[in-house]
Structure formats: structure tokens, C-alpha cells
Amino acid sequence: MALLDVQDLSIDIAGIKPLDAIGFTVDKGETLGIVGESGSGKSLTALSIMGLLPLIGGRVERGTIAFDGMELTRLPEPDYRRLRGRRIAFITQNPMTSLDPVIRVGEQIDQVARLHLGLSGSAARRHSIEIMERLRIPEAATTWHNYPHQLSGGMKQRIVIAMALAANPDLIIADEPTTALDVTIQAQIVQILGELVREKGVALILITHDMGVVAQACDRVVVLYAGRVAESNTVSAIFASPRHPYTQALIGCIPRNAMERGSLVGIPGLVPSVARYPAGCRFHPRCTRSESLCEREVPVLERLASGAEIACHVADKREASHA
Amino acid sequence: MPSLAPLVTIRDLNKVFESRKGLFGEPRRMTAVNQVSLDIPRGQVTGVVGESGCGKSTLARLVLRLLEATSGSISFDGVDLLKQSHGAMRLLRRRMQMVFQDPYSSLDPRYTIADALLEPFQVQGIRLARAEARQKVEALLAMVGLDARFAQNHPHQLSGGQRQRIGIARALALEPDLMVLDEPTASLDVSIQAQIVTLLEKLKHELGLTYLFISHDLNLVRYFSDRIVVMYLGRIVEILPDAKAAPRHPYTQTLLDSTFAPDPTQRRDISKLTGEIPSPYNLPQGCAFAARCRHARPDCLSRRPELETRSDDHAVACFHPLTQP
Ligand SMILES: Nc1ncnc2c1ncn2[C@@H]1O[C@H](COP(=O)(O)OP(=O)(O)OP(=O)(O)O)[C@@H](O)[C@H]1O
Ligand SMILES: Nc1ncnc2c1ncn2[C@@H]1O[C@H](COP(=O)(O)OP(=O)(O)OP(=O)(O)O)[C@@H](O)[C@H]1O
Ligand code: SF4
Ligand code: SF4
Ligand SMILES: [Mg+2]
Ligand SMILES: [Mg+2]
């Protein structure tokens, strides 16, 4: 059984339906990438799992979110609170939203360990410094005493990761954890997250719009478009033989090594806003392979023998028998 | 066209900023652009890449003299830019234009798109008859692939990609020779970035433009540029003669190692990457990259390597450049 199993998840925010029948699973020791352009529903998927939709006036309308056998969509808030930060950690794009500007960064990590693991003051401090060292924060014992504003963006993001790790979570959801950072720092953070998955068996959901990060760090990928799953597959299959026209187009947008100038193809048109989701396949106004059926009927997400999933009326769904 | 003189020749350019830490703090000086010498060849794309704060935008603004240099020289088509009067400079600006990163803040929300596209003519004191103005607006919109009906819209009615097209159209209004593109796609989705980059390629061919193309995305710069300038803490550390040249400066190699290809069969070994950019306010006296450099030797700590051009047009500022297989 997968650690996290999301099925048929649809949400409602004041009458708007930004997510429609989202589904995926994540295992221990596995990194799942969730990709898609701005507005595709990546952050709302994370908020749904964290049980934070009520904060923005939203709710789960349909579907299930099973975590380690527990059904989260029906979990009372006090139980959810014990889960959040303890077994499921959330890392957001902007470290400042998770850090208190007037408390020393080390103290903020200690607080997590005291609250969730019940460690005493000195044990919590030792625990924090150990985590900071594992994240290669230089002079961890000194940095413990710094306030957030005294640290660089990359270092602040490492403190946020340290807070996420302090309670030894089973699942980490990282929403664009490196988007605001320089590439050399991004690479270090990607490396650190990868080590956690490999060495501690943490399950990681890595939300990003950067297909390079996905290719580097993920085992499996869910591609979202306009609030629906377009395709999900292993990372190697997604890049080597994308089946869904949107996945193909998305990969065609990224400049690659040794690519001839002039060979970049964009996707015509724009991502639609929630209020104007087209009927049928939501990608059809931008799709080069669209047929009349696509304008009328929503393509269902089909599960193939290999475990790959795809929602398209036209895409080739045959699989080689060894797949 | 290597026989032609470069459109822009920059020599020993410096920009020093002074600031105070806090209201009563000590004044601090930092050199955002440090001894930069660079040629921008006609009809080519010169790419500039480097991490946040390395001085890319400062260099861009110095080249257009939107910012006054502390010292050094810039020659634009043989004219010594830094010696021009304000009036002469205004005329020269017709020939050099900038596209900014943020399509949201570079357009005034109160004006229509037509107003925005006609503003460069007003600034230059060029009067257009009404019919002529309408023709110009329509031609500029067509050039960047937008329907003429956008003319009467306001910026908030446009998407980020459409606004960036307007930014480009406005820069094209006065038919410039040089376009300085400062991260023109950094705030856009990849699908829109690809549209804009393709548009810029087409315009360059049709209009014979010269680009200074700034980005922190090495993959994008390698795709789009003829030559690549790599900056670190205000200095040029390497100039790659073509986009596929193998790096010789350890910092360029670090940038390359940190840049992931959209291909899981080409995963990079990033286990050895360490360190952060030091504060620009107190730089070490030796090589600024020494603290993060795996190839550093004792001499790197005491002296600063100068940018040296090799016979093959490849310039490197490093005492122990990498030798690629
Ligand atoms: N509180 C809200 N109320 C109504 N609609 C919302 C709300 N939050 C997000 N949306 C809409 O839901 C859609 C999905 O938003 P979400 O933030 O999940 O996108 P995302 O994939 O994370 O995008 P980005 O890459 O820009 O972060 C968007 O169209 C957005 O406008
Ligand atoms: N007006 C100013 N006053 C003081 N310091 C400045 C000023 N403008 C820029 N700087 C400093 O000069 C350095 C270079 O800034 P610049 O904006 O040129 O960097 P950049 O390479 O464009 O970075 P980014 O990738 O973040 O856009 C930075 O350390 C910046 O803080
Ligand atoms: S269902 Fe039709 S419109 Fe949608 S992606 Fe497939 S071919 Fe394109
Ligand atoms: S000069 Fe020395 S420290 Fe600087 S990049 Fe070259 S080898 Fe590294
Ligand atoms: Mg988001
Ligand atoms: Mg800049």
C-alpha cells in the first residue's frame, strides 16, 4: 500500500472548481514530481493534502486522500493538527512565510522538535544542530543564533527544510522549494532533498514548473493541466516517450543542450483561467491534434498495464509487452 | 560578419555604488560592475549569464547610459557614449533600446497600448499625423504577433506574455540597432517563454538587430546566443566564443553542473557543489571564486586573475583554467 494515495480529488472554492479528479500515489523512499504551468493546480493539490483548504474558503468536494491507511478528507481538525508538521511536512516557495522574523532560526527548529517529538530544551538543540549540519549549513552552532534577516535566501530555505525535518516526517511536500534561488543553491537543495529520500526513506512530493529539476530529482511525474491530470508515468518514460500532446508540447518548450537555434516550439495560446475552462478536453484550444470529440467530451484518465495514466482521446495508448 | 567593427565596444567599465547599512551606519562601497571590457558584434546575440547580484542589470543600464558609469568607456558605432551631451544622448537612444524583465511594471496602467507604443515617438519629439500613428501602432502590433484590436486595451487586460510582446514592440518603435534584453522571459511560463524567444529570433533576422541578451538560465542562453559572457560578482570571468564551447573557468563549470537538462538520462553529479556567493561588500583580495573553487591553489588567494583572451577568442580569468578532454 502506498504511503499516500489520492483518488478522484475534486475541490470547491466558493463555487469555483480548480481541481477535477486528481489522483496519484507516493511510496516511501520515492520522489513524485507534480508539474504544470502556472495556474494548473499544483499548490492547491498540496493545500488539499495538508488539510488547509478551509483557510482559503475551500473544501474537498469529492474523492479520497489516504495517508498511511488514514482517510484525511474526514479527519477532524485536531487530529489533522497532530499530523501536520509531525508526519507530513510542508515546504513553501517563500521561506519568509514559514519563518518568524523575530525568533532565532535555531530556536524555530527547536520548537518543532519540542512540540512534536517532546524533546527537552537541550536535546532539542542538539537535534536541531545535527539536522543543520546534515543540511550542510556552515558553522551550524553559530548560525543557530542568527535571525532570519541575517541569512541569505538559500540559507533561509535550508532552515525551513530543517524545520520540516525536525519532527522526522514520513512525507515532505515541497512546493517550488528552489524557484526563488540561484541555480547553484537550487542544485544543493535538490541534492539535500534527494539524500533524505534515499537515506531516510522519506516520501517526497516535489512541486515545480522546472522540467530540469524533475528530470534530475524525480522517480515519477504527474503532469497537470488546468486542474486535471494529463499524464502520469515514470520520469524516464515521461521524457523519453511522452504520450499526451500537452506533455509533448511542454517538453518541446525547454531549450536543451545541443538544440539548434530555431527549433524551440512554444505552445500557442494561454493557460485558461478557472472561470473559463473550456468544455471537453481543457487543452483542446491549444492542442495541435485536437479532434471534434475533444471539444465535447472530457477524456477520462486511463490506467495502462504499466501503471502509466493518460487522459487523451487521441494519444497512443498501446504499450510494448515488456513495459 | 567578423570583418565589421563591433557595434559596441566597452573598455574598463566600472560602477561603484555607495550605500549605508541602516540610517546611521557606515557608508559602504561596492563595485557592481568591475573592469568590464567587452565587444558586442553587429548582428549577433551576445548572451550574459550569472547569478543574482552579479551585475547583469547594472551592465545593461550602463550600456544604454540609463545609469552613469563611475569610470571607463563605451563606444557605440564609433561614438564615445559617455562624452555625449543629454541632447545628443537622446538622439542616440533611438538606436538602442531595452526590454525589461517585468512586463507588469514596465507599462503604465493608465495608458492604452496604443499610447504606450507611441510614447517613444513623443519622447523623441517626433510628431505623427493621426493616420500615420494608427498605422505605426498596427504595424508594431503585427510585428510582435498581436491583433490590432489590442491597441485600445489597457495593460491589465493583457496576459504576461502579451505584455512582454508590447514591451518588445515599444522597443522596436524607433527602429533601433541594439536591443538590450534584460531577462525578458524570467517571469513567464515556459510555453510563453518559447513563444517570446521564437519571436525575438524572427525579429533579429528580419530587422538585422544586435542583441545583448541577459539571463540567469544557462540552458536558455546557450540556446539563444552566439557568444556567452559569464559574470561573477561584477566581473567577467569567462567569454565563451560559441554556445557549445566547453567551459574553462571553474565557475562556469559550476553553473553548468547546477543547470539540469530536461533529460533524466543526463542527471548531473551535484554532490560536490558547495558554498554561496560571498558578500559583494567585502571581497577577498585574490580570486573572488576561490572560497568555492575546487581547483584553487595558494596563488589564487593572493592575486586576482585578469581576463585573458586566447587565440581562439575564448577569454578566461583564472590562473588554473580547466582543460577539457
Ligand atoms: N483562493 C483561491 N480562490 C479561487 N481560485 C484560486 C484560489 N487559489 C488558486 N486559485 C485558482 O486555482 C488555480 C490553480 O491555482 P494553484 O495556485 O494551485 O496553481 P499552481 O499550479 O500552483 O500555479 P503556480 O505555478 O503559479 O504556483 C488557478 O487558476 C488559480 O487562479
Ligand atoms: N542603485 C543601487 N544602489 C546600490 N546598490 C545597487 C544598486 N543597483 C544595484 N545594486 C547592487 O549591485 C549589485 C548588482 O546588481 P544587479 O541588479 O546589476 O544584479 P543582476 O545580476 O542583475 O541580478 P539579478 O539576477 O538578481 O537581476 C547587487 O549587489 C545590487 O544589490
Ligand atoms: S484529448 Fe484531444 S485536445 Fe485533448 S490533448 Fe488529446 S488530442 Fe489534444
Ligand atoms: S583563479 Fe584559482 S580560485 Fe579562481 S577560479 Fe581559477 S583556479 Fe579557481
Ligand atoms: Mg503554486
Ligand atoms: Mg537583473
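This is a predicted model: local features need pLDDT of at least 70, side-chain atom pairs count only at pLDDT 80 or more; totals for chains, interfaces and linings use all residues.

Student: Which side chain does A:Glu77 meet in a salt bridge?

Tutor: That of A:Arg84, with an N to O distance of 3.1 Å. A:Arg84 has a relative accessible area of 16%, so it is buried.

Student: And A:Asp316, what does its side chain pair with?

Tutor: A:Arg318, at 3.0 Å, N to O. A:Asp316 is partly exposed at 38% relative accessibility. A:Arg318 counts as exposed because its value is 67%.

Student: How many salt bridges over all chains?

Tutor: The count comes to 31.

Student: Which residues are linked in a network of them?

Tutor: A:Asp8, A:Asp20, A:Arg62 and A:Arg228 are linked that way.

Student: Chain B now. What does B:Lys272 bridge to?

Tutor: B:Asp269, with the closest N and O atoms 2.8 Å apart. B:Lys272 is partly exposed at 44%. B:Asp269 is partly exposed too, at 45%.

Student: What about B:Leu273, buried or exposed?

Tutor: Buried, because its relative accessibility is 10%. B:Leu273 sits in the loop between helix H8 (250–258) and helix H9 (298–302) of chain B.

Student: What does B:Leu273 touch, leaving out residues up to four places away in sequence?

Tutor: From chain A, A:Arg136, A:Ala187 and A:Gln188. From chain B, B:Thr254, B:Asp257 and B:Ser258. B:Thr254 is 19 residues from B:Leu273 in sequence, and their C-alpha atoms are 7.4 Å apart.

Student: Switching to ligand 1. How many residues surround it?

Tutor: 13, and the closest are A:Ser38, A:Gly39, A:Lys42, A:Ser43 and A:Leu44. The shell divides into 5 nonpolar, 5 polar and 3 charged residues.

Student: Which element gives the largest share of that shell?

Tutor: Helix H1 of chain A, residues 42–49, with 3 residues.

Student: And which polar atoms does the protein place by the oxygen atoms of ligand 1?

Tutor: A side-chain N or O atom of A:Lys42 is 2.8 Å from a ligand 1 oxygen. A polar backbone atom of A:Gly41 is 3.0 Å from one. For A:Ser40, a backbone N or O atom lies at 3.2 Å.

Student: What share of the accessible area of ligand 1 does the protein cover?

Tutor: 67% of the 640 Å² that ligand 1 has on its own.

Conventions: Residues are numbered from 1 along each chain as its sequence is written. Chains are lettered from A and ligands numbered from 1 in the order in which they are written. Side-chain values use heavy atoms; hydrogens and water are left out. Helices (H or I, at least four residues) and strands (E, at least two) are DSSP runs, numbered from the N terminus. Buried means under 20% relative accessible area, exposed over 50%, partly exposed in between (1.4 Å probe, protein chains only). Contact means heavy atoms within 4.5 Å. A residue is near a molecule or strand if one of its heavy atoms lies within 4 Å of it. A polar contact is a pair of N or O atoms within 3.5 Å; within protein, one must be able to donate a hydrogen and the other to accept it, and residues adjacent in sequence count only if both atoms are side-chain atoms. Accessible areas come from the Shrake-Rupley method with a 1.4 Å probe; for residues, only the protein chains shown count as cover. Ala, Val, Leu, Ile, Met, Phe, Trp, Tyr, Cys and Pro count as nonpolar, Asp, Glu, Lys and Arg as charged, and the others, Gly among them, as polar. A salt bridge is a side-chain nitrogen of Lys or Arg within 4 Å of a carboxyl oxygen of Asp or Glu.
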